[in-house]
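Please look through the sequence and the model shown here before reading on.

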Amino acid sequence: MTEKHHRPLDAQVIPRFAGVRTFMRLPHTTDLAGVDAAAIGIPFDTATSYRTGARFGPEAIRSASALLRPYHTGFGIDLVETLSMIDYGDLPVAPGDTEGTYRRVEAALAPVLAAGVFPAVIGGDHSITLAELRALAKVHGPLALVQLDSHTDTWEAYFDQRYFHGTTFKRAIEEGLIDPGASVQAGMRGPLYGAKDLDDARALCLHVIPSEELRALGPDAYARTVFERVGERPVFFSFDIDFLDPAFAPGTGTPEVAGFSTAEAVALLRSLRGIRLAGCDVVEVSPSYDGPGQPTALAAANVLWELLALRAVTAA
């Protein structure tokens, strides 16, 4: 480990539950010198369509991450020995103003990406992903999208709103931020307004894998599908916590039953070892609807940890 590496705060010096609000107890700094990856909060939920509260997701996920340890037994790597990681804090948002928030997020992400730092974003509702993709596409060009979610988020509008958490990826395709032919959305389920909800996503050339098909595929076949689609493109991975069943993640804005367990989600993520991540986010944690012990926030923290491990594997 070089001197530039940032290690978590020492639990023997600062007790694990002493109110430290950073991801994995990483140092909170905006100094990007020598940094490989940064946990970044975007506390915004104005663009939700049902239950609000995801603006408090970053705080809850950080708190739930206090117990995360650096060694990944599945990959056999120490995350903080492999990546120099920090918690960059929260980016500025404009509550009530989605497009204003996009401008602020894009501007705030620019120096992070210019420094070559991998952004591991903590949401916030799923609308924030559009601003992330705008910033990343300026550096990488169109990205491949890999998404685990119960919804495709490819509607045209909702109550005449073109920018909300259900239109994110249609806008991203229209703006040339992602290559739909290199992208995979998986886990879609639940009642729809009509059959065209999924058909519209496929008409955009996205590869959509409903939940029943994903279960039948299993992690290995899912990974083969993803790698065949993304090819050599840099990948943005977006994990909506409502991919998980409400029994495992009740604290979210648009819960859908018959979802996946945390064990299934981890297996799917680990099957993607070797993927070239350029950025990632975990979104839609609404702590006010979480259960005792904050299982949703805990699941989200572990998902982000797994995504950082995928980045660490390629770095190693």
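## The pocket and its surroundings

In this predicted model, the largest pocket has a volume of about 530 Å³. Its lining is made up of 28 residues, and those that lie nearest the centre of the pocket are His-151, Trp-155, Pro-191, Thr-254 and Glu-256. When the lining of the largest pocket is sorted by class, eleven residues are nonpolar, nine are polar and eight are charged.

## Aromatic side chains

The structure holds seven aromatic pairs. One of them joins Trp-155 and Phe-164, whose rings are 6.1 Å apart from centre to centre, with 35 degrees between the planes, and this pair is classed as tilted. Another is the pair of Phe-239 and Phe-243, which is edge-to-face, with 5.6 Å between the centres and 70 degrees between the planes.

How exposed are the residues of these two pairs? Trp-155 counts as partly exposed because its relative accessible area is 26%, whereas Phe-164 has a relative accessibility of 5% and therefore counts as buried. Phe-239 is buried, at 0% relative accessibility, and Phe-243 is likewise buried, at 0%.

Trp-155, which is among the residues nearest the centre of the largest pocket, also belongs to an aromatic cluster that it forms with Tyr-158, Phe-164 and Tyr-193.

## Cysteines

How many disulfides does the structure hold? The number is zero.

## Points along the backbone

Gly-123 lies in strand S5, which covers residues 118-123, and Gly-123 counts as buried because its relative accessible area is 0%. Although Gly-123 and Thr-46 are 77 residues apart in sequence, their C-alpha atoms are 12 Å apart in space. The peptide bond that leads from Gly-123 to Gly-124 is cis, with omega near 15 degrees, and Gly-124 itself is placed in the loop between S5 and helix H4 (128-140).

Why does such a bond deserve a remark? Most peptide bonds are trans, and most residues other than glycine have a negative phi, so exceptions to either pattern can be pointed out.

Asp-153 has a phi near 55 degrees, a positive value in a residue that is not glycine. Asp-153 is found in the loop between strand S6 (144-148) and helix H5 (168-174), and with a relative accessible area of 7% it is buried. Glu-284, also not a glycine, has a positive phi of about 75 degrees. The loop that holds Glu-284 runs between strand S10 (277-283) and helix H9 (295-315), and Glu-284 is buried, since its relative accessible area is 3%.

A further loop, between strand S1 (37-42) and helix H1 (57-64), is the place of Arg-55. Arg-55 counts as partly exposed, at 34% relative accessibility. Arg-55 and Val-283 are 228 residues apart in sequence, yet from C-alpha to C-alpha they are 9.9 Å apart in space.

Note on methods: Residues are numbered from 1 along each chain as its sequence is written. This is a predicted model: local features need pLDDT of at least 70, side-chain atom pairs count only at pLDDT 80 or more; totals for chains, interfaces and linings use all residues. Side-chain values use heavy atoms; hydrogens and water are left out. On a 1 Å grid over the protein atoms alone, a cavity is a set of points where a 1.4 Å probe fits but cannot get out, and a pocket is an open set with protein on both sides within 12 Å along at least five of seven lines; lining residues have an atom within 4 Å of a point. Grid points are joined across faces, edges and corners, and a volume is the space filled by probe spheres set on the points. Ala, Val, Leu, Ile, Met, Phe, Trp, Tyr, Cys and Pro count as nonpolar, Asp, Glu, Lys and Arg as charged, and the others, Gly among them, as polar. Rings of Phe, Tyr and Trp (its six-membered ring) pair if their centres lie within 6.5 Å; planes under 30 degrees apart count as stacked, over 60 as edge-to-face and the rest as tilted. Buried means under 20% relative accessible area, exposed over 50%, partly exposed in between (1.4 Å probe, protein chains only). A disulfide is a pair of cysteine sulfur atoms within 2.5 Å. Helices (H or I, at least four residues) and strands (E, at least two) are DSSP runs, numbered from the N terminus.
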